[in-house]
Amino acid sequence: MLKQLFLAAAAALSLAGCTPEPASKWQLVWEDDFDGAAVDTASWSKIPRKHPEWARKMSDNPLCYDLRDGNLILRAIETPEGTDTVEYITGGLYTKGKRAFHGGRIEVRARLHGAKGAWPAIWLLPFEEEKYPWPTGGEIDIMEHLNYDTIAYQTVHSYYTNNLGRKQDPPQGSTAPILPEDYNVYGVEMYPDSVVFFINGRRTFMYPRTADGPEEQFPFDRPYYLLVDMQLGGRWVGAIDPQDVPVEMEVDWVRYYRERE
């Protein structure tokens, strides 16, 4: 009887122009849905200010961080008078030294708010960063967003693309549309021979290991840590409009999956 019901359901789906969805190959092994009263410090730390352009406004000021309605809130704000040496400060979290991701699938559901000079990002850097200084260990940009764009950038960086200038052999990145001012799910799958990007479950770009490329061409088969940050200003994104600040990045959840055995 059960078999007959299954066959009938399959036939109905076939007539409707679809087939039963196969069981997912992914198994959820870690997630953070930001429903608690505080950020989980066993997994996350605030990103400190550093020399690279993206990190020059990073701050541990609590005004740049919040938990609201099950979302992590990362803010870029005008610096309160007398509290810092920079005009604007921004918030960001990373799993450096706490949680590594090697292979598998990472997804982040987030809502971005447009602002002139806003540069929110979700990305990966080598967990053994001291052993593999940038760009030798690779960088995987799951999502970068600029200003009021209706697209997101998804890119890889390495010694091969940066120092050797091999940005199109194969192409190092792509763009894809997002739902502006709404939640989107940004994802990446990491394999020994490729890095595959997604937005809202749709495959958007793939960077392969080439058969005849040098070792530097694909450094991405190693553990990484995750960064989620609300960056502001810079040569790429352009000038900041004070009228658009403060601006927020809302992160609903982060999930990490491994392939089922």
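I started at glycine 137, which sits in the loop between strand E8 (118–126) and strand E9 (139–144). Helices (H or I, at least four residues) and strands (E, at least two) are DSSP runs here, numbered from the N terminus. The model is a predicted one, so I kept in mind that local features need pLDDT of at least 70 and side-chain atom pairs count only at pLDDT 80 or more, while totals for chains, interfaces and linings use all residues. Residues are numbered from 1 along each chain as its sequence is written, and side-chain values use heavy atoms, with hydrogens and water left out.

Is glycine 137 buried or exposed? At 1% relative accessibility glycine 137 counts as buried; the cut-offs are under 20% relative accessible area for buried, over 50% for exposed and partly exposed in between (1.4 Å probe, protein chains only). I then listed what glycine 137 is in contact with (heavy atoms within 4.5 Å), leaving aside neighbours within four places in sequence: Pro126, Tyr132, Pro219, Arg222 and Tyr224. I also checked glycine 137 against aspartate 229: they are 92 residues apart along the chain, and their C-alpha atoms are separated by 20 Å.

**Aspartate 229**

Aspartate 229 is in strand E15 (residues 224–232). For the record, a salt bridge is a side-chain nitrogen of Lys or Arg within 4 Å of a carboxyl oxygen of Asp or Glu.

What does the side chain of aspartate 229 make a polar contact with? I found the side chain of tryptophan 123, at 2.9 Å. A polar contact is a pair of N or O atoms within 3.5 Å; within protein, one must be able to donate a hydrogen and the other to accept it, and residues adjacent in sequence count only if both atoms are side-chain atoms. Beyond four places in sequence, the contacts of aspartate 229 include Ile47, Trp54, Met58, Leu74, Trp119 and Met249.

I traced an open sheet of seven strands, antiparallel in pairing, in the order E2-E6-E15-E8-E9-E10-E11. Its edge strands, each pairing on one side only, are strand E2 (45–46) and strand E11 (173–177). Two strands pair if DSSP finds at least two bridges between them. E9 and strand E10 (residues 151–157) run antiparallel and are joined by four bridges; isoleucine 140 has valine 156 in E10 as its bridge partner.

Next I went to strand E12 (residues 183–191), where nine of the nine residues are buried, so the strand is largely enclosed by the rest of the structure. One side has Tyr183, Val185, Gly187, Glu189 and Tyr191, the other Asn184, Tyr186, Val188 and Met190.

E12 pairs with strand E7 (residues 104–112) in the antiparallel sense over eight bridges, and arginine 111 stands opposite tyrosine 183. E12 also pairs antiparallel with strand E13 (residues 194–199), over six bridges, with valine 188 opposite phenylalanine 197. A hairpin of two residues joins E12 to E13.

**Charged pairs**

I got 14 salt bridges in the structure. Arginine 255 and glutamate 31 form one, with the closest N and O atoms 3.4 Å apart. Arginine 255 lies in strand E16 (residues 247–259) and glutamate 31 in strand E1 (residues 26–32), so this pair ties together parts 224 residues apart in sequence.

Glutamate 107 and arginine 105 form another, at 2.8 Å between the closest N and O atoms, and both residues are buried. Arginine 105 is in strand E7 and touches residues including Trp26, Val188, Glu189 and Arg255.

Arginine 109 bridges to aspartate 252 at 2.6 Å. Arginine 109 is partly exposed at 25% relative accessibility, whereas aspartate 252 is buried at 17%. I also noted a network of salt bridges linking Asp66, Arg68, Arg75, Arg111, Glu248 and Glu250.

**Whole chain**
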